[in-house]
Amino acid sequence: MHPNLRRFRYACETAVAEACSPAQIVRRLAPHMLRLVQAAPCFVTAAHRRGHPDRYARNLIHAGDDGALSLFMLVWAPGQWTPIHDHGTWGVVGIVEGLLEEQTYMRVDRRPQEPRDRGIELLPGGLVLLPPGAVSTFVPNPDHIHRTGVAAGRAPTLSLHLYGRVLNDFHVYDRQAGTRERVRQPCEEAVGDAAPPDAAVSAR
Ligand SMILES: [Fe+2]
């Protein structure tokens with residue numbers, strides 16, 4: 001692992017061990033992510049840049065042995081978007097190249113008798129545009145719900161995504177049906193000496 005990435009991994013592990021809450025963890029790690037994206041020309045390789053023609057690609061850089069952390073390089077071609085989703089954990093995002101767009105959603109249904117996976121009503125929240133060097137963080141509130149991607153006509157985009165667990169699955173929302181379901185997320189090959197994602201999951 002490149003020294004810049006190794007230092008970042010150490011900062012992440014220390015923050016998780018010492019901080020009490022997701023909000024404290026992301027507050028501590030945001031400046032480290034800023035330094036990491038500023039140093040990206042030193043460590044980004046062709047493997048980090050591997051994309052996919054049909055969807056955005058997730059290249060695993062690091063997955064913690066205890067399943068408590070994962071770091072991905074996401075590769076976005078113009079017009080590639082996530083579905084509406086949440087993560088079930090905190091996250092820190094840093095933009096290496098391009099412009100990442102984030103549409104947030106607010107969950108406004110108030111039907112406590114319904115299972116939390118049905119009767120879902122989402123309203124669009126704010127829009128965030130993240131240029132190179134930008135750092136964004138989120139915590140479960142209880143579900144940070146959003147959709148991210150790169151608009152058609154914009155430049156290809158590279159972004160670093162750190163999560164508070166090995167993120168191989170998450171909730172995907174169907175706004176029209178008012179439902180959400182847990183789906184597994186395809187992951188590209190692990191980059192460098194990162195453990196394969198399934199091995200990291202089974203180690204949890
Ligand atoms: Fe996300």
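Where is the place of Pro41? I looked it up before anything else. The model is a predicted one. I found Pro41 in helix H3, which covers residues 40-43.

**Pro41**

Buried or exposed? I checked the surroundings of Pro41. Pro41 has 8 inside 10 Å, so Pro41 counts as exposed. I also took a distance to Phe72, 31 residues from Pro41 along the chain. Their C-alpha atoms are separated by 16 Å.

**The sheet**

I turned to the strands next. In what order do the 5 strands of the open sheet stand? I read S1-S2-S8-S3-S6, with antiparallel pairing.

I then followed S3 and S6. They pair in the antiparallel sense over 4 bridges. Within this pair, Gly94 stands opposite Val135 in S6. Helix H2 packs on the sheet and touches S3, S6 and S8. The direction of H2 makes about 15° with that of S3.

**Helix H2**

I stayed with H2 and checked its span. H2 has 17 residues, and at 1.5 Å a residue they should span 24 Å. The end C-alpha atoms of H2 are 24 Å apart, so the two values agree. Where does the kink in H2 lie? I found it at Leu29, shortly before the proline Pro31. The kink is about 30°.

Which residues of H2 are buried? I listed Ile25, Val26, Leu29, His32, Met33, Leu36 and Val37. The buried residues of H2 pack against H1, H3, S3, S6 and S8.

**The cores**

Met33 came up again when I looked at the largest nonpolar core. That core has 38 residues. Met33, Leu160 and Leu162 have the most contacts inside it. Several elements each supply at least two residues of this core, among them helix H1 (3-18), helix H2 (22-38) and strand S8 (157-163).

What is Met33 in contact with, leaving aside its neighbours within four places in sequence? I wrote down Val92, Gly94, Val135, Leu160 and Leu162. There is also a second, separate core of 5 residues. It includes Ile84, Tyr105, Ile145 and Tyr173.

**Strands S4, S5 and S7**

Strand S4 (residues 100-107) pairs with strand S5 (residues 122-130) in the antiparallel sense, over 7 bridges. Tyr105 stands opposite Pro124 in S5. S4 also pairs with strand S7 (residues 145-149), again in the antiparallel sense, over 5 bridges. Here Thr104 stands opposite His146 in S7.

**His144**

My last stop was His144. I found His144 in the loop between S6 and S7. His144 has 19 C-beta neighbours inside 10 Å, so His144 counts as partly exposed. A residue needs 20 or more to be buried.

Which residues is His144 in contact with, leaving aside its neighbours within four places in sequence? I noted Asp86, His87, Phe138 and Val139. Gly91 is 53 residues from His144 along the chain, and their C-alpha atoms are separated by 9.8 Å.

Notes. Residues are numbered from 1 along each chain as its sequence is written. This is a predicted model: local features need pLDDT of at least 70, side-chain atom pairs count only at pLDDT 80 or more; totals for chains, interfaces and linings use all residues. A residue is buried if 20 or more other C-beta atoms lie within 10 Å of its own, exposed if 12 or fewer, and partly exposed in between; C-beta atoms are placed from the backbone. A nonpolar core is a set of buried Ala, Val, Leu, Ile, Met, Phe, Trp, Tyr and Cys residues joined through C-beta atoms within 7 Å. Two residues are in contact if their C-beta atoms, placed from the backbone, lie within 7 Å. Two strands pair if DSSP finds at least two bridges between them. Axes are lines fitted to C-alpha atoms, for helices over the stretch in contact, and angles run from 0 to 180 degrees between N-to-C directions. The expected span of a helix is 1.5 Å times one less than its number of residues. The bend at a residue is the angle between axes fitted to the seven residues ending there and the seven starting there.
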